[in-house]
Number of protein chains: 2
Amino acid sequence: MSQLAGQEAPLSSNHYEAALTQARELRNLTRDGKFIGSTSGFAPGIAQGNLVILPKDWADDFLVFCQKNPVPCPLLSVSSPGEPMIDLLGKDIDIRTDVPEYHIFRNGELAEKTHDIKDLWWHDMVTFVLGCSFSFEDALIRAGLSLRNIDCQSNVSMYRTNLATTPSQYFSGNMVVTMRPFKPADAIRAIQITSRYPKSHGAPVHIGNPADIGIKDLSNPDFGDAVPIKDGEIPVFWACGVTPQLAIINAKPPIAITHAPGKMLVTDISNEQLSVL
Amino acid sequence: MSQLAGQEAPLSSNHYEAALTQARELRNLTRDGKFIGSTSGFAPGIAQGNLVILPKDWADDFLVFCQKNPVPCPLLSVSSPGEPMIDLLGKDIDIRTDVPEYHIFRNGELAEKTHDIKDLWWHDMVTFVLGCSFSFEDALIRAGLSLRNIDCQSNVSMYRTNLATTPSQYFSGNMVVTMRPFKPADAIRAIQITSRYPKSHGAPVHIGNPADIGIKDLSNPDFGDAVPIKDGEIPVFWACGVTPQLAIINAKPPIAITHAPGKMLVTDISNEQLSVL
């Protein structure tokens with residue numbers, strides 16, 4: 001009885017303080033080059049973000065793209081040109097140093113990977129931080145659901161789809177989705193819970209037959225790892241923050257900087273601060 | 001993008017007044033024996049209810065059964081013994097005359113059908129009114145979803161399942177569900193919308209493979225009518241108010257009175273008054 005299930009356990013203020021301390025320590029370590037790994041599982045209850053940095057000319061149109069596609073591209077913050085500090089999302093966040101690994105795209109191709117972008121920073125760079133499904137995964141776990149990717153200690157399965165985004169002037173492309181398998185009653189519960197997190201891609205965009213959205217083979221994801229799907233489970237698909245990376249590859253801006261997959265910006269904001277209802 | 005879809009259009013106070021007038025007129029006609037048909041589609045926006053009347057000894061345990069199984073048995077009202085007026089649900093509702101057709105069960109078997117129960121009424125009869133999926137169907141339609149049973153002008157498809165209710169001392173049995181097919185994105189939207197109506201069975205209890213819940217053949221419902229399921233659609237299953245009728249058949253009380261399927265009590269309460277969030 002899905003509506004009888006308990007509410008997610010609240011993150012107590014003690015837990016939040018502990019997670020906040022961990023988030024800030026992790027950013028300090030990252031800034032000093034002492035942490036360059038995946039942020040998955042760090043600072044539980046704290047929102048992590050996808051990163052996109054673009055020159056002002058391109059950024060203006062990317063902002064339009066995000067506004068037209070808020071489900072794959074839920075904006076947590078956008079900076080003024082040249083502004084490296086993301087005060088809105090946390091204390092002393094310097095976007096040039098506080099992400100464990102950056103991907104540098106030049107003319108739509110991944111050209112370099114680096115651990116800070118101080119040398120690449122200049123006066124008209126605009127930073128976008130987009131919400132990430134890590135936030136709703138935390139809520140699903142607190143509600144008692146099992147996440148296969150976490151049980152398998154693997155990256156979530158991601159797939160290109162045939163679902164077109166709404167194009168802006170320069171940016172376009174199909175949506176990328178993450179997939180998590182659930183028993184049907186848990187899938188219904190997961191739809192209810194993730195509906196509360198629009199800044200974390202919100203409710204699923206598809207459920208059931210992968211071929212409906214152009215996915216040929218669930219065991220062969222385009223990004224991340226495959227996970228087993230058990231008898232009686234149903235695949236549930238959410239919009240994914242990799243979508244804007246595909247749009248960048250399509251748009252071919254002279255430079256674009258993103259985080260490396262799984263190595264996110266850890267903020268000071270709790271997931272619950274971003275929830276609705 | 002399900003979370004971008006519009007909210008359901010509100011029932012304006014003018015619409016509510018018109019529907020309320022229609023509800024009261026329908027009850028007056030019913031009381032006078034001039035209306036004995038299905039209440040489906042009447043007084044749109046107004047809640048209709050499933051009826052169960054039991055002698056006090058059995059009613060005490062049925063109340064426990066409802067409390068243990070609020071998804072199939074969402075209680076809108078329970079009366080004191082012998083009290084025929086259901087003031088909580090509307091003006092001058094006399095439960096002995098205001099339902100178009102009653103089914104009389106004796107020792108668990110359907111013994112009679114009648115249009116009023118004045119002759120059967122006595123001092124220790126207790127009336128239960130349970131919420132009905134007509135309320136959330138109204139919300140789904142206002143949100144722009146198509147309901148196959150309404151498009152086909154047929155009764156909703158109902159099936160016995162292998163999902164056990166939680167038994168009380170006398171009452172037990174498996175859950176009955178209604179099924180409505182949707183495209184997957186609409187199924188997700190339907191889960192969101194019906195979650196707002198816990199007094200109308202709330203969110204679905206199952207989605208996808210009917211065999212998971214013991215349904216062998218969707219084209220052969222146990223109650224109501226079969227509806228076609230189109231390519232790419234997914235069946236969505238909600239708990240159904242017929243569940244308590246099966247529990248009555250199992251419990252074999254000396255007498256139990258219910259409404260005839262589809263011929264419900266029309267209340268004065270708007271569906272939105274019963275919604276949450």
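Two strands pair if DSSP finds at least two bridges between them. Strands (E, at least two residues) and helices (H or I, at least four residues) are DSSP runs, numbered from the N terminus. The model shown in these views is predicted, so that local features need pLDDT of at least 70 and side-chain atom pairs count only at pLDDT 80 or more, whereas totals for chains, interfaces and linings use all residues. Residues are numbered from 1 along each chain as its sequence is written, chains are lettered from A and ligands numbered from 1 in the order in which they are written, and side-chain values use heavy atoms, with hydrogens and water left out.

**View 1. The sheet of chain B.** In chain B, four strands in the order 6-7-9-8 make an open sheet with antiparallel pairing. Its edge strands, strand 6 (157-164) and strand 8 (206-207) of chain B, each pair on one side only. Five bridges join strand 6 of chain B to strand 7 (residues 174-182) of chain B in the antiparallel sense. Opposite Arg160(B) stands Val176(B), in strand 7 of chain B.

**View 2. The sheet of chain A.** Chain A has an open sheet of four strands, ordered 6-7-9-8 and paired antiparallel. Strand 6 (157-164) and strand 8 of chain A each have a single partner strand, so one side of each is left without a neighbour in the sheet. Strand 8 of chain A runs antiparallel to strand 9 (residues 234-239) of chain A, and two bridges join them. His206(A) has Phe237(A), in strand 9 of chain A, as its bridge partner.

**View 3. The two domains of chain A.** The domain assignment, which is of an automatic or database kind, divides chain A into domain 1 (10-133 + 249-274) and domain 2 (134-243). The centres of these domains of chain A, taken over C-alpha atoms, are 21 Å apart. Contact (heavy atoms within 4.5 Å) links 32 residues of domain 1 of chain A with 28 residues of domain 2 of chain A.

**View 4. The interface between the domains of chain A.** The size of an interface is often given as the accessible area lost when the parts come together. Buried area is the accessible area (1.4 Å probe) that two parts lose on being put together, summed over both. Between domain 1 and domain 2 of chain A it is about 2,600 Å², with 57% given by carbon and sulfur atoms. Two salt bridges (a side-chain nitrogen of Lys or Arg within 4 Å of a carboxyl oxygen of Asp or Glu) are counted between these domains of chain A. Glu272(A) and Arg196(A) form a salt bridge, their closest N and O atoms being 3.4 Å apart. On the side of domain 1 of chain A that touches domain 2 of chain A, the elements giving two or more residues are strand 1 (46-55), helix 2 (56-68), strand 2 (75-78) and helix 6 (243-251) of chain A. Helix 2 of chain A gives the largest share of that side, seven residues.

**View 5. The interface between chain A and chain B.** Here 25 residues of chain A are in contact with 25 residues of chain B. The area buried between the chains is about 2,000 Å², and carbon and sulfur atoms give 74% of it. The count of salt bridges between chain A and chain B is zero. On the side of chain A that touches chain B, helix 5 (184-194) and strand 8 (206-207) of chain A are the elements that give two or more residues. Helix 5 of chain A supplies the largest share of this side, five residues.
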